[in-house]
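Please look at the sequence and the model before reading on.

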Amino acid sequence: MKEYNFTGERPWGGYIVLLDAPDHKVKQLVIRSGQRVSYQRHQKRSEHWFIVSGVGTVTLDDVDSELLPGQSVDIGIGVKHRIANNGTE
């Protein structure tokens, strides 16, 4: 796996904070092959995920879909969500 200088290291990979503004934050998440983030929901924020490389299996309120590079998904406030990397890289 490529070496990253993570802002936050997690069992599933890690993230790098690219921008931290008063009204939004931009992070680069790196999900290791065969790993996924926890299934969660947020009561005070929405999220927008953009797939840069690999294939992401996104779960929104118990519905799975695959996203390819260049595709994105909007996650509304209160929506249960997670992303998994079922690929080999």
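Two strands pair if DSSP finds at least two bridges between them. Strands are DSSP runs of E with at least two residues, numbered from the N terminus. This is a predicted model, in which local features need pLDDT of at least 70, side-chain atom pairs count only at pLDDT 80 or more, and totals for chains, interfaces and linings use all residues. Residues are numbered from 1 along each chain as its sequence is written, and side-chain values use heavy atoms, with hydrogens and water left out.

Strand β5 covers residues 56–60.

An open sheet of three strands has the order β1-β2-β3, paired antiparallel. β1 (8–10) and β3 (24–31) stand at the edges with a single partner strand each, so one side of each has no neighbour in the sheet.

| Pair | Bridges | Opposite residues |
|---|---|---|
| β2 (residues 13–21) and β3 | eight bridges | I16 and Q28 |
| β5 and β6 (residues 63–67) | five bridges | T59 and D64 |
| β5 and β8 (residues 81–85) | five bridges | V58 and I83 |

L19 lies in strand β2. At 41% relative accessibility, L19 counts as partly exposed, a class that lies between buried and exposed (over 50%).

Key:
Helix = DSSP H or I, 4+ residues; strand = E, 2+ residues; numbered from the N terminus. Buried < 20%, exposed > 50% of the residue type's maximum accessible area, 1.4 Å probe, protein only.
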